[in-house]
Amino acid sequence: MDYMPVIQAIYLVEGISDHCPLRISKDTGGRKRDKTFKYCNVWALHPQFKEVVTQGWQQQVAGYSMFQVVKKLKLLKKALKKLNHQHFRNILVEADEDRAALNQAQNRLHSDPSNKALQEQETIMYHKFRNSSYLAKMFLLQRSKASWIKLGGDNIRYFYSVIRHKRLQQAITQIKDHHGELTTDNASKTNVLVDYYETMLSKEGRRRAKTFHSFLKNCTTLNSSQQMELIQPYTVKEVK
């Protein structure tokens, strides 16, 4: 019902008609809906977070147990919004500013490496940027997950497009036959592969072994230690 517009109907005088005309208008002014409250993971890293939560949860609220829980959550929401406004409102901007300040400090230090004051300043800016960049990374990671959920069906299309791309990477687009000529169409590639293995497997004795060893040279093989691990004794529990 919150998404339904407010409709107003006004019945006008009938005049010379035998029906009263009806004028319908939609109220476009309506009250602005509040933004949905979203918990941000970076809040938990602030030193005052536990204190804010503890103070909000220890407030005395009269009423039934469920009413007390809901009321305390609403009060805690205001406190967390205040914490976010004071310390995390411009978290991305602060990370960019700290990066620029660190670059300036390091450039000055490169010009005068033995200056103790510049060394201390560079250390301070380094730790400050490391902290702010970590918070910004956590914030962006949480926002990207929310966007992934919000996209809905677009995620499925993106997933299958990635799968198709990987299949194309693993596909054999061209192959050389025994004459050294490149083949690109599917039927010809199939015939080249079938002819190759028929020729290899139809050979007997030493010729087949020689062909097989030449084939293995182009593949990834196990070393001696890996081969010994394969012949180690095993138990029924390991097989399960």
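Q: Is Lys128 buried, partly exposed or exposed in this predicted model?
A: In this predicted model, Lys128 has a relative accessibility of 46%. Buried means under 20% and exposed means over 50%. The value for Lys128 lies in between, so the residue counts as partly exposed.

Q: With which residue does the side chain of Lys128 meet in a salt bridge?
A: Side chains of opposite charge can pair when their charged atoms come close. For Lys128, the N to O distance in the salt bridge is 3.8 Å, and the cut-off is 4 Å. The partner is Asp98.

Q: How many residues apart in sequence are the parts that the pair of Asp98 and Lys128 ties together?
A: The side chains of Asp98 and Lys128 meet in a salt bridge. Asp98 lies in helix H3 and Lys128 in helix H4 (residues 116-151), so the pair ties together parts whose separation in sequence is 30 residues.

Q: Is Asp98 buried or exposed?
A: Asp98 is found in helix H3 (residues 91-111). Leaving aside neighbours within four places in sequence, Asp98 is in contact with Met125, Lys128, Phe129 and Ser132. Its relative accessible area is 8%, and the limit for this class is under 20%. Asp98 is therefore buried.

Q: Which residue forms a salt bridge with Asp96?
A: The structure holds two salt bridges. In the one formed by Asp96, the closest N and O atoms are 3.0 Å apart. Both residues lie in helix H3, three residues apart, about one turn of the helix. The partner of Asp96 is Arg99.

Q: What is the relative accessible area of Arg99?
A: Asp96, which forms a salt bridge with Arg99, counts as partly exposed at 47% relative accessibility. Arg99 is also partly exposed, and its relative accessible area is 38%.

Q: Against which helix do the buried residues of H1 pack?
A: In helix H1 (residues 49-57), Phe49, Val52 and Gly56 are buried. Seen down the axis of H1, these residues fall within an arc of 65°, so they line one face of the helix. The helix against which they pack is H2 (65-87).

Q: What is the arrangement of the ring pair Tyr39 and Trp43?
A: There are two aromatic pairs. The rings of Tyr39 and Trp43 have centres 5.5 Å apart and planes at 85°. Planes over 60 degrees apart fall in one class, so the pair is edge-to-face.

Q: Which ring does the charged end of Lys72 sit over?
A: The charged end of Lys72 is 5.6 Å from the centre of the ring. The ring belongs to Trp57.

Notes:
Residues numbered from 1 in each chain as written. Predicted model: local features only at pLDDT ≥ 70, side-chain atom pairs only at ≥ 80, totals over all residues. Heavy atoms only, no water. Buried < 20%, exposed > 50% of the residue type's maximum accessible area, 1.4 Å probe, protein only. Helix = DSSP H or I, 4+ residues; strand = E, 2+ residues; numbered from the N terminus. Arc of directions from axis to C-beta. Contact = heavy atoms within 4.5 Å. Phe/Tyr/Trp six-rings, centres within 6.5 Å; stacked < 30°, edge-to-face > 60°. Lys NZ or Arg CZ within 6 Å of the ring centre and 35° of its normal.
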